[in-house]
Amino acid sequence: MSKSAVLSFKGKSFTLPSIEGKEKEIALDIGKLRKESGLITLDPGYKNTGSTKSAITFLDGEKGILRYRGYAIEELAEKSTFLEVAYLLIYGDLPQKDDFEQFKDNITKHTLVHEDVKKILDGFPSHSHPMGILSSLVCAQTAFYPASLDPNRSAEAVNLSIIRLIAKMPTFAAWAYKKEVGHPVVYPDNSFDYCGNFLKMMFALPVKVYELDPVVANALDRILILHADHEQNCSTSTVRLVGSSRASLYASISAGINALWGPLHGGANQAVIEMLDNIIAEGGNFEKYIEKAKDKNDPFRLMGFGHRVYKNFDPRAKMIKKLADEVLAKLGIHDRVLELAKKLEESVLRDEYFIEKKLFPNVDFYSGIIYKAMGIPIEMFTVMFVLGRLPGWIAHWKEMRENNEPIGRPRQIYVGHGHRPYISVDKRTKEKQS
Ligand code: CMC
């Protein structure tokens with residue numbers, strides 16, 4: 001079988017070599033196409049474009065497979081912990097016992113944030129969305145650690161930024177929430193593990209002793225594992241693109257947080273619950289929403305359904321659905337939203353429109369229900385996604401820098417005006433400019 005493709009254009013032929021990935025996925029290498037032919041390719045939304053070669057995560061959207069560094073997501077979610085998965089993603093292998101102890105130790109050493117972070121927090125209006133606060137606080141770390149701006153830092157110095165970020169992110173996240181509700185911030189408590197510490201900073205109040213619910217802490221750890229990486233999605237590609245200009249880790253991750261915020265990406269978990277709440281408030285008629293989603297003249301989409309790469313069940317959605325059932329049963333919660341979600345899902349999976357377009361429930365469809373059961377407020381849902389996705393973003397940023405990848409700079413096809421003479425302001429009219 002030929003290992004290359006031939007492109008014919010205007011009587012000339014150009015050879016495009018192929019590249020085969022570890023799991024037999026094949027790409028055509030167009031790296032020399034423009035130089036040799038003057039042509040570029042056009043692919044809005046990068047639906048068919050590989051931006052890099054990566055050794056971090058493999059996913060097969062047709063078969064519903066997701067693996068981090070070769071390990072199946074199902075096995076990691078059942079047997080591992082979030083910090084172990086973070087280590088795996090960032091450093092490439094599961095840690096040996098001593099290395100893992102050292103890693104956890106380093107993280108607990110850096111959970112405190114600079115006291116001046118509180119001053120920045122004070123400057124935000126109350127009721128600011130926590131995602132905006134979070135991306136600002138992460139970017140502000142460039143000011144507290146200016147050495148992080150040096151693109152030629154040693155591997156040890158880069159690693160220190162990585163550790164600091166993993167350690168401080170729960171603190172920033174919980175403080176963003178405390179700001180919103182107007183409660184005093186709670187300092188990190190290193191006698192708790194990673195998730196327990198976050199939950200304490202979220203929910204502890206000066207007026208009573210805080211008791212951690214192990215069911216909640218365990219469920220959170222598993223959800224974070226399920227969110228930890230998803231190869232070249234919108235926010236990860238953002239982190240890589242920003243980092244490719246040699247911007248610092250903090251600036252790159254801050255950009256990733258903003259990319260995740262949108263309702264078509266991580267913001268969908270908030271949008272799902274808002275949609276389900278609206279359906280309940282309007283009497284439970286979910287069929288109306290299904291019809292709206294199918295109407296080509298209506299921009300509405302059924303939140304929590306569809307995925308750019310999964311054209312089969314999202315394996316994370318399957319696990320989150322099971323986890324939602326378990327958590328709600330253990331906490332003794334009967335949730336109308338979960339009941340409605342199940343009915344909606346059943347209906348959608350039988351509907352020709354969704355079957356034909358291969359639109360299945362995605363990871364965000366059930367995650368909001370668990371967060372709700374844990375007492376996490378709705379506007380914090382996407383922040384929870386940030387906590388989970390952080391190691392993935394870091395792993396990609398690190399991989400991109402270690403591979404010395406070139407600055408990301410796509411081309412375009414220009415469709416605007418041709419050359420126009422400048423008209424001075426006193427003679428300018430709409431007609432003369434058109
Ligand atoms: N409801 C109704 N129709 C949909 C939906 C939906 N949720 N998703 C896709 N479609 C239709 C879409 O209108 C299009 O129809 P047509 O071919 O007739 O124009 C077709 O399915 C393909 O959609 P697309 O927009 O070309 O697909 P995409 O790969 O660009 O978009 C998506 C993927 C996730 C943005 C999209 O499915 C969507 O908007 N879903 C709802 C938002 C959501 O749940 N996002 C979370 C994604 S998973 C976690 C994450 O990435 O953060």
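This is a predicted model: local features need pLDDT of at least 70, side-chain atom pairs count only at pLDDT 80 or more; totals for chains, interfaces and linings use all residues.
# Reading strands, helices and backbone angles

Student: How many bridges pair E5 with E6?

Tutor: Two bridges, in the antiparallel sense; strand E5 covers residues 65–68.

Student: What should I know about side chains in a strand?

Tutor: The general idea comes first. In a regular strand, side chains alternate between the two faces of the sheet. Now take the strands at the start of the chain. Strand E1 (residues 4–9) and strand E2 (residues 12–20) run antiparallel and are joined by six bridges. Leu7 has Phe14 in E2 as its bridge partner.

Student: How many bridges join E2 to E3?

Tutor: Three, again with the strands antiparallel; E3 spans residues 26–28.

Student: Is Lys10 buried or exposed?

Tutor: Exposed. Lys10 lies in the loop between E1 and E2. Its relative accessibility is 76%, so Lys10 counts as exposed, because the cut-off for that class is over 50%.

Student: Where is Arg246 found?

Tutor: In the loop between helix H10 (234–244) and H11. Arg246 has a positive phi of about 75°, although it is not a glycine. Its relative accessible area is 29%, so Arg246 is partly exposed.

Student: What follows H3?

Tutor: Gly92 follows H3, with a positive phi near 100°.

Student: How should I read a helix?

Tutor: Count along the turn. An α-helix has 3.6 residues a turn, so residues three or four places apart point the same way. Then ask what is covered. Helix H3 (residues 82–91) is mostly covered, with eight of its 10 residues buried.

Student: Which residues of H3 are buried?

Tutor: Phe82, Leu83, Val85, Ala86, Tyr87, Leu88, Leu89 and Ile90.

Student: Where is the place of Ser254?

Tutor: In helix H11, residues 249–261. Ser254 has 6% relative accessibility, so it counts as buried. The cut-off for buried is under 20%. Leaving out residues up to four places away in sequence, Ser254 touches Ser135, Val138 and Cys139.

Student: How many helices and strands are in the protein chain?

Tutor: There are 19 helices and six strands. The radius of gyration is 24 Å, close to the 22 Å that the globule rule gives for 434 residues, so the chain is as compact as a globular protein of that length. The C-alpha atoms fill a box of roughly 75 × 65 × 55 Å along the principal axes.

Student: What do the contacts tell me?

Tutor: Read the sequence separation. Among contacts with a separation of 6 or more, 71% involve residues 24 or more positions apart. Buried residues make up 47% of the 434 residues.

Student: What about the surface and the charges?

Tutor: The protein chain exposes about 22800 Å², and carbon and sulfur atoms supply 53% of that area. The chain has 58 positive and 54 negative charges, and their mean positions are 7 Å apart.

Technical notes: Residues are numbered from 1 along each chain as its sequence is written. Side-chain values use heavy atoms; hydrogens and water are left out. Helices (H or I, at least four residues) and strands (E, at least two) are DSSP runs, numbered from the N terminus. The radius of gyration is taken over C-alpha atoms; the globule rule is 2.2 Å times the number of residues to the power 0.38. Buried means under 20% relative accessible area, exposed over 50%, partly exposed in between (1.4 Å probe, protein chains only). Contact means heavy atoms within 4.5 Å. Accessible areas come from the Shrake-Rupley method with a 1.4 Å probe; for residues, only the protein chains shown count as cover. Lys and Arg count as positive and Asp and Glu as negative; His and the chain ends are not counted. The place of a charge is taken as NZ of Lys, CZ of Arg, CG of Asp or CD of Glu. Two strands pair if DSSP finds at least two bridges between them.
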